[in-house]
Amino acid sequence: MKKIYPDAATALEGLLFDGMQICAGGFGLCGIPERLIDAIRDNGVQKLTIASNNAGIDGEGLGKLLRTRQVKKMISSYVGENKEFERQYLSGELEVEFCPQGTLAERCRAGGAGIPGFYTKTGVGTEVAQGKEVKTFDGQDYILERGIFADLAIIKGWKADESGNLIFRKTARNFNQPMATAAKICVAEVEEIVPVGSLDPDSIHLPGIYVKRMILGAPYEKKIEFRTVRQREAA
């Protein structure tokens with residue numbers, strides 16, 4: 001089965017449609033599938049529901065899709081660094097489902113494992129619990145959270161072999177691993193592709209069975225959200 005495609009647009013061919021749901025890996029600008037995001041933007045697909053920890057920053061990451069008004073709804077945890085996200089939400093242009101960070105990761109993991117829902121204490125007694133079923137276990141309240149299973153998962157990896165076995169690098173592992181399993185099809189972009197058998201089996205983070213299509217996205221520019229420096233001490 002051919003898994004390696006020449007570019008992001010080709011890898012996404014036939015997968016995009018208006019009103020679809022996408023799980024997107026990454027955290028801020030770390031470990032984001034930026035080549036695939038650019039291809040989605042260029043495709044022009046509309047009314048997207050995207051599950052992602054955040055929406056990048058203005059003009060970077062998923063922020064590009066907000067700027068082109070292609071996103072109808074975001075399911076997110078942290079959205080504080082994107083002014084356009086804030087503007088669209090406050091003006092009623094963008095629907096937002098806020099979700100605690102750990103709960104979002106578990107919703108994707110659960111969806112990928114075929115678990116339709118689970119109970120958690122996180123969010124009990126807050127706005128997060130509004131409209132959700134509450135059940136008592138051992139005298140304590142828990143809210144029901146639904147698993148997430150999307151039409152498409154887009155993820156970013158560090159190194160993969162030709163069959164799609166994939167390794168994430170350090171914190172870029174974040175949401176990429178659970179997102180990869182939480183969709184009908186997963187498309188990955190990676191920094192390096194090596195021959196089958198080159199990777200230590202014990203080092204594989206995501207088995208190739210989950211990766212249906214893959215591109216080599218390198219070279220990448222390592223972007224930094226906030227650059228801070230300390231004052232130089234006087235000599």
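**The open sheet and its helix**

Mentor: Let us begin with the open sheet of three strands, which are ordered E5-E7-E6 and pair in the antiparallel sense. Please keep in mind throughout that this is a predicted model.

Trainee: Which are the edge strands there?
Mentor: They are E5, covering 117–120, and E6, since each of these pairs on one side only. From one strand to the next, the twist averages 40°.

Trainee: How many bridges hold E5 and E7?
Mentor: Four bridges pair E5 with E7 in the antiparallel sense, and within that pairing phenylalanine 118 stands opposite glutamate 145 in E7.

Trainee: And which helix lies across E5 and E7?
Mentor: That is helix H5, residues 101–112, and it runs at about 150° to E5.

Trainee: What should the span of H5 be, and what is the distance between its end C-alpha atoms?
Mentor: With twelve residues at 1.5 Å a residue, H5 should span 16 Å, and its end C-alpha atoms are 17 Å apart, which agrees.

Trainee: Which residues of H5 are buried?
Mentor: Thr103, Leu104, Arg107, Cys108, Ala110 and Gly111 are buried in H5. They lie on the same side of H5, because the arc they cover around the axis is only 165°.

Trainee: Why would residues a few places apart point the same way?
Mentor: An α-helix has 3.6 residues a turn, so residues three or four places apart point the same way.

Trainee: What covers the buried residues of H5?
Mentor: The cover includes E1, E3, strand E4 (95–98), E5, E7 and H6. As for what comes after the helix, H5 is followed by glycine 114, which has a positive phi near 80°.

Trainee: Changing topic, how do E1 and E2 run?
Mentor: Strand E1, residues 21–24, runs parallel to E2 and is joined to it by three bridges; in this pairing isoleucine 22 stands opposite isoleucine 50 in E2.

Trainee: Are the residues of E2 buried or exposed, and which way do they point?
Mentor: In E2, residues 48–51, Leu48 and Ile50 point one way while Thr49 and Ala51 point the other way, and all of them are buried. E2 also pairs with strand E3, residues 71–76, in the parallel sense over four bridges, and there threonine 49 stands opposite lysine 73 in E3.

Trainee: Now the backbone: where is aspartate 138, and what is its phi?
Mentor: Aspartate 138 sits in the loop between strand E6 (134–137) and strand E7 (140–146), and its phi is near 50°, a positive value in a residue other than glycine. Most residues other than glycine have a negative phi.

Trainee: Does aspartate 138 count as buried or exposed?
Mentor: Aspartate 138 counts as exposed, because its relative accessibility is 81%.

Trainee: And what is the phi of lysine 170?
Mentor: The phi of lysine 170 is near 50°, again a positive value in a residue other than glycine. Lysine 170 belongs to the loop between strand E9 (166–167) and helix H6 (176–181), and at 67% relative accessibility it counts as exposed.

Trainee: Last one: which residues does a cis peptide bond join?
Mentor: The cis peptide bond joins alanine 218 and proline 219, with omega about 5°, and proline 219 lies in the segment after strand E11 (213–216). Most peptide bonds are trans.

Methods: Residues are numbered from 1 along each chain as its sequence is written. This is a predicted model: local features need pLDDT of at least 70, side-chain atom pairs count only at pLDDT 80 or more; totals for chains, interfaces and linings use all residues. Side-chain values use heavy atoms; hydrogens and water are left out. Buried means under 20% relative accessible area, exposed over 50%, partly exposed in between (1.4 Å probe, protein chains only). Helices (H or I, at least four residues) and strands (E, at least two) are DSSP runs, numbered from the N terminus. Two strands pair if DSSP finds at least two bridges between them. Axes are lines fitted to C-alpha atoms, for helices over the stretch in contact, and angles run from 0 to 180 degrees between N-to-C directions. Contact means heavy atoms within 4.5 Å. The expected span of a helix is 1.5 Å times one less than its number of residues. The arc is that of the directions from the helix axis to the C-beta atoms.
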